[in-house]
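Here is a short report on helix packing. It takes the helix pairs in turn.

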Amino acid sequence: MLEGIVPALVLIVALALVFDYINGFHDTANAIATVVSTGVLSARNAILMAGILNFGGALLGTQVATTIAKGIADSQYVVPAVIVAALLSAIVWNLITWYFGIPSSSSHALVGGLAGAVVAQAGRGALHTSKLEEVGTFLIVSPVVGFLIAMVLIIIILWIVRHTAGPRVNLAFRKLQLVSAGAMAFTHGTNDAQKAMGIIALALITYGKLHTHGARVDVPVWVKLACATAMGLGTMSGGWKIIRTMGAKIVKLRPIHGFAAETASAIVLFATAHMGIPVSTTHVISGAIMGVGASMNVSAVRWGVAGNIVVAWVLTIPISALLAAGFLKLVTPFF
């Protein structure tokens, strides 16, 4: 049964699942920070809910996986050493930002690492620049859209409940936030777990273990289940430093605000996953939280913290690319 399995392929699959697990605990805050900070759920119950829904969401669709597997660079240049270097780069950057409690993008760390390793291996001509430009555009657009949708949504909601007593509003949105947090966790799984699926599919294509049909990549069921499990388990591990940053340091939230931020994020993530665009769930929920805060009062947002987050957003792709180029030199002799 194991005949024909290449050790390097096993290593790539293992690293991809490690990345997926780290992505899970690094991005736990995306799904639960608001619902925990508003007191709607205990941290333990929120993490359990997010882990289960991340697993379910990861099994829905493969459009983003196809983008990672075929959209970033010509397959002929994505040799095993390139894939390993990209994964090591993304893992290291995720651990660094997690250590300092900075909500950076696992998605863009992976894209940046893959692009940097490909350029170091074969030059810029090997990249699909149009797809990278699309990813780069949505790096900016997705948090802005999340910001705007959340701002408009909270204004509409506040207008609707303007004549309702505060305690009744709070009680209603404590229940509704369970739905919005669940939607956020589900769409996070849909978007983020597909990155690891795409990497594993790319490795399988490289070793002739998976055949594509035109622009479509049929991700094997075992890959979907493995990545969904790694993402779910990682989410259940929790990433407390980033949860504190997302849940309390940007702006103080109540259930009504948490519902608006999570709903806006889920809308953006579902749309981009359907289009096969690997956006950052971290960027989207951060932008939505800022949008909700700005709608209350511009001074309600701690813009210093927000500024540090934006700096991390900007640095993620270039630093990941440089790290991957360095890792490529280290790992190439072994492949």
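## Helices α11 and α12

Helix α11 (residues 255-275) and helix α12 (residues 281-296) cross at roughly 140°, and their axes come within 9 Å. Axes are lines fitted to C-alpha atoms, for helices over the stretch in contact, and angles run from 0 to 180 degrees between N-to-C directions. α11 is therefore oblique to α12; angles under 35 degrees count as roughly parallel, over 145 as roughly antiparallel, 65 to 115 as roughly perpendicular and the rest as oblique. The crossing of α11 and α12 is right-handed (the near helix is turned clockwise from the far one by less than a right angle; anticlockwise is left-handed).

On the α11 side, the contact (heavy atoms within 4.5 Å) uses His257, Ala260, Ala261, Glu262, Ala264, Ser265, Val268 and Leu269. They meet Thr281, Val284, Ile285, Ala288, Ile289, Val292 and Met296 of α12. By class, this contact of α11 with α12 has 11 nonpolar, three polar and one charged residues. Ala, Val, Leu, Ile, Met, Phe, Trp, Tyr, Cys and Pro count as nonpolar, Asp, Glu, Lys and Arg as charged, and the others, Gly among them, as polar.

## Basis of the model

The model is predicted: local features need pLDDT of at least 70, side-chain atom pairs count only at pLDDT 80 or more, and totals for chains, interfaces and linings use all residues. Residues are numbered from 1 along each chain as its sequence is written, and side-chain values use heavy atoms, with hydrogens and water left out.

Helices (H or I, at least four residues) and strands (E, at least two) are DSSP runs, numbered from the N terminus.

## Helix α8

α8 has 41 residues. From first C-alpha to last it reaches 59 Å, close to the 60 Å expected at 1.5 Å a residue (1.5 Å times one less than the number of residues). At glutamine 194, α8 bends by about 30° (the angle between axes fitted to the seven residues ending there and the seven starting there).

## Partners of α8

Helix α3 (residues 43-58) packs on α8 at about 50°, with the axes 7 Å apart. The two are therefore oblique, and their crossing is right-handed. The α3 residues in contact include Met49, Leu53 and Gly57; those of α8 include Ala181, Phe186 and Met197. This contact of α3 with α8 divides into 10 nonpolar, seven polar and no charged residues.

Helix α5 (residues 80-99) crosses α8 (residues 166-206) at roughly 165°, with axes within 10 Å. α5 and α8 are therefore roughly antiparallel. Their crossing is left-handed. Pro80, Ile83 and Leu87 of α5 make the contact with Ile199, Leu202, Ala203 and Thr206 of α8.
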